[in-house]
Amino acid sequence: LENVIMRNSGKTQQLSKIVYNTLIELYLQSITNKTADQFLEMARKVYATGTPAKVVNTPAATASLDEDVFINDNYDIYPIDEAAQIHCPFNQRIISILDNQESNYDTEHTLVLVQSHNFKEGILKMYEKAGLHYDIVNYYMEQKDYAQVIEACNKYGEADPNLWIQVLTYFADAQEEFEAEISKILAKIEKDNLLPPL
């Protein structure tokens, strides 16, 4: 799938969303899958030798992880253009797809995928792409990452000033002491006149 995307890069006709959705799903599965690491290591060896690999057109269930998997004349799979790509971890590959303007993936489907695999970076990227600023702030609240809660408000609060009110309510209702955070939020609310003083 990487090679399909690479070979179609820059072409006017976009690839089907299924290609990108499937690749993202495979990457997500590969993050916790040891077998994928073995295949990746073999791909690195192929890249190091500079010769194209021959991949057997065999169902995954019967394919072994030895060199025989790479012997067949059906498909020539050439190494990816950049040497860095073959050493790039799967989580960075996902982020690369999500950041690429040419990527033609289904936003809602991808959001479900990253949530179901609990892939933090992907969840936040998809929330940002969909303009779900409340969900970004809520995510940091659930993680108890209070510095990021304030940072998210600073980042998205101009477009959506109600975020500051949401965060003020959260810190004011909390059982812990958040004097410094509440002071920052009140200063921002007063400065931008987001709430009546009372």
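**Before you start**

The model is predicted, so local features need pLDDT of at least 70 and side-chain atom pairs count only at pLDDT 80 or more, while totals for chains, interfaces and linings use all residues. Residues are numbered from 1 along each chain as its sequence is written, and side-chain values use heavy atoms, with hydrogens and water left out.

**Stop 1: aromatic pairs**

Begin with the rings. Rings of Phe, Tyr and Trp (its six-membered ring) pair if their centres lie within 6.5 Å; planes under 30 degrees apart count as stacked, over 60 as edge-to-face and the rest as tilted. The whole structure has seven such aromatic pairs.

Select Tyr-139 and Tyr-140. Their rings sit edge-to-face, 6.0 Å centre to centre, with 75° between the planes. Are these two residues buried or exposed? Both Tyr-139 and Tyr-140 are buried. Buried means under 20% relative accessible area, exposed means over 50%, and partly exposed lies in between (1.4 Å probe, protein chains only).

Now select Tyr-146 and Phe-178. This aromatic pair is also edge-to-face: 4.7 Å centre to centre, 70° between the planes. Tyr-146 lies in helix α9 (residues 146-156), and Phe-178 lies in the loop between α10 (162-173) and α11 (179-192), so the pair ties together parts that are 32 residues apart in sequence. Helices (H or I, at least four residues) and strands (E, at least two) are DSSP runs, numbered from the N terminus. Both Tyr-146 and Phe-178 are buried.

Together, Tyr-146, Tyr-170, Phe-171 and Phe-178 form one aromatic cluster.

**Stop 2: salt bridges**

Next, look for charged partners. A salt bridge is a side-chain nitrogen of Lys or Arg within 4 Å of a carboxyl oxygen of Asp or Glu. The structure holds four of them.

Select Arg-93 and Glu-2. Their closest N and O atoms are 2.4 Å apart in this salt bridge. Which helices does the pair link? Arg-93 is in helix α5 (residues 90-99) and Glu-2 is in helix α1 (residues 2-7), distant parts of the chain, 91 residues apart. Both Arg-93 and Glu-2 are buried.

Move to Glu-128 and Lys-155. In this salt bridge the closest N and O atoms are 3.5 Å apart. Glu-128 is in helix α7 (residues 120-129) and Lys-155 in helix α9, so to speak distant parts of the chain, 27 residues apart. Glu-128 is partly exposed, at 33% relative accessible area. Lys-155 is exposed, at 52%.

Finish this stop with Asp-192 and Lys-188. Their salt bridge has its closest N and O atoms 2.9 Å apart. Both residues lie in helix α11, four residues apart, about one turn of the helix. Asp-192 is partly exposed, at 35% relative accessibility. Lys-188 is partly exposed too, at 25%.

**Stop 3: positive phi**

Turn to the backbone. Most residues other than glycine have a negative phi.

Select Lys-144. What is its phi? Lys-144 has a positive phi of about 60°, although it is not a glycine. Look for Lys-144 in the loop between α8 (133-142) and α9. Lys-144 is exposed, with a relative accessible area of 54%.

Last, select Asn-193. Asn-193 has a positive phi of about 55° and is not a glycine. Find Asn-193 in the segment after α11. Asn-193 is exposed, with a relative accessible area of 61%.
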